[in-house]
Amino acid sequence: MNRTSTLLLAFALLQGCQSWPPKEQATPVPVAQPAPAPDETPKVYGSFSEETVFSLLSAELAGQRDRFDLALGNYVTQARKTQDPGISERAFRIAEYLGADQPALETAQLWAKNAPTDLDAQRAAAIQLARNGKYDESLVYMEKVLQGQGDTHFDFLALSAADTDESTRRGLLQSFDRLLGKYPGNGQLIFGKALLMQQDGNTEGALALLEGNPPQEGEIAPILLRARLLAALDRGSEAMPLLEKNLKKIPDDKRLRLTYARMLVEQNRMDDAKLQFAILVQQYPDDDELRYSLALVCLEGKAWDEAYNYLQQLVERGSHVDSAHLNLGRIAEERGDPQTALDEYAQVDVGTDYLPAQLRQADILIANGRADEASRRLAEARDAQPDYAIQLYLIEAETLANNDKTQAAWLVLQNAIKQNPDDLNLLYTRSMLAEKRNDLVQMEKDLRAILAREPDNAMALNALGYTLSDRTTRFEEARTLIERAHQINPEDPAVLDSLGWVNYRLGNLDAAERYLRDALERFPDHEVAAHLGEVLWASGKQREARKIWGKALQEQPDSPVLRSTILRLTGSENL
């Protein structure tokens, strides 16, 4: 075969190798072209050596055989060698498809260098440089896109800096300011700068920037950011009119309506949120993410019939099937139909919703006197899904314990630990059950075993410290353990509650009150409320103690710890 025939064959094959990834083909070898139509600009092709053509052909064939490493290697080599923008673009697309960061950066820069007027090439180089933390270089390419009147993706550049250090963000912010000096009022630059200011903690400054530079007609992103900034400043009531006003102008914008719907959920306006999600589903009937969100909003608003219909639609459409079955089971429980609930939960396959479904099945069965059936089902599940065995043991033990079957739960844990002696979750669960059984020796033994393996396990430190402060007189030892947990997790409400309680036991009422107030503010839990009320009572603040207890009882009227605390201190269960 002569050289010309070989090149023609190679070109024909290259044209046919386009199924992976679905991007544009590299510049082909020179062949005779038909005369262009009067309004069509003739294409210009590079002139490649036979070695290059066969290297590219080999790359395409390698891609067809899932040898993407070979394909990428050949394309990168030829991009360097030929400096051809078409080959560089193809190499970049393959690298991007494979998530190969360094080749993607190199080939994007080659593409941009050899196609200086191609805005896509300049943008690709800018984004890759930003991903690699080279922000000043990235801005050079972004400015080229800006000069070409293209979408610069300054928002991506700003977002990519979110995980960097403060000095990098400050430097990038200065670069944005320099560009704004050249292009004052540019909406893309203003939006990118506002994002950077938000990341830097300057929420009010970012909001002021956006409010001082209203977006152009049809620009949605600045409106959405402004609404988020208002919400972050606890000014959500101002965000809603902003979104409503723009929805009237652009009623079909998905992002705008979705943001509005989500903010309605955050404000617990479920009926209004349901209406907005229903509009979205009507506008985008093939979007099952929206349909699932609508079902969840209906569930939250206890609109069981509507939620049921949307969830059934998802099952029929084969979308979010496991989540749909899980929530259909929840609806059946709310309707007082445990058998239907069991049937729904049993259809949840392995995945995110699998363990919650197993938990609900076990709870229904045990609560209805069918503990043996629950144990049998969980044993079958452990055999079928050995990777979930430990979690299934924990579900069985905790469900039994929650249904006052402490001895049965204990036997399950003993068996589980015998088979998995090194699992810390099983040991921790057994320690908590031992405390319920008043077996403080076993509880401490298990928690000490965890701490021997993980000295900085804050949960074990806190659990042991709290129990020692609550059930023994080893107060100083308890405080040392809890303070270690506090050093590790200084904002954990459970640790703050323990710190407050141990200080109370030591007689440090002011410190106890301070820690418990902090804990209750972070996590309004009935047990924390009981503790804080007791400290206030001991401090002579009985009126405030009764107020805190009363509020907690409204949230959880059946709380045994609240009831017992109130009875012990006041002599009556009535406040």
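My entries follow, starting with the ground rules.

**Ground rules.** I am working with a predicted model, where local features need pLDDT of at least 70, side-chain atom pairs count only at pLDDT 80 or more, and totals for chains, interfaces and linings use all residues. Numbering starts from 1 along each chain as its sequence is written, and side-chain values use heavy atoms, with hydrogens and water left out.

**Aromatic pairs.** I found 5 aromatic pairs in the structure. For Trp501 and Tyr504 I noted ring centres 5.0 Å apart and planes at 40°, so I filed the pair as tilted. The bookkeeping: rings of Phe, Tyr and Trp (its six-membered ring) pair if their centres lie within 6.5 Å, with planes under 30 degrees apart stacked, over 60 edge-to-face and the rest tilted. Trp501 and Tyr504 are 3 residues apart in helix 28 (residues 493-505), which puts about one helical turn between them. Helices here are DSSP runs (H or I, at least four residues), strands likewise (E, at least two), numbered from the N terminus. Trp501 comes out buried at 6% relative accessibility. Buried means under 20% relative accessible area, exposed over 50%, and partly exposed in between (1.4 Å probe, protein chains only).

**Record check.** In the model I read residues 493-526 as 82% helix and 0% strand, with the end C-alpha atoms 12 Å apart.

**Charges over rings.** Which ring does the charged end of Arg437 sit over? I get the ring of Trp410, 4.1 Å from its centre. I also noted Lys254, whose charged end sits over the ring of Tyr284, 4.9 Å from the centre. The test wants NZ of Lys or CZ of Arg within 6 Å of the ring centre and within 35 degrees of the ring normal.

**Positive phi.** Lys302 has a positive phi of about 60° and is not a glycine. I place Lys302 in the loop between helix 16 (288-300) and helix 17 (304-317), and it is exposed at 60% relative accessible area. His320, also not a glycine, has a positive phi of about 50°. His320 sits in the loop between helix 17 and helix 18 (321-334) and counts as partly exposed at 24%.

**Proline in a helix.** Pro241 turned up in helix 13 (residues 236-249), partly exposed at 42% relative accessibility.

**Largest pocket.** I get a volume of about 1000 Å³. A pocket is an open set of points on a 1 Å grid over the protein atoms alone, where a 1.4 Å probe fits, with protein on both sides within 12 Å along at least five of seven lines; lining residues have an atom within 4 Å of a point. The volume is the space filled by probe spheres set on the points, which are joined across faces, edges and corners. Of the 33 lining residues, Met432, Glu435, Lys436, Tyr466 and Glu527 are the closest to the centre. Which helix gives the largest share of the lining? I have helix 26 down for it, with 7 residues. Others that supply at least two residues each include helix 24 (424-436) and helix 30 (526-538).
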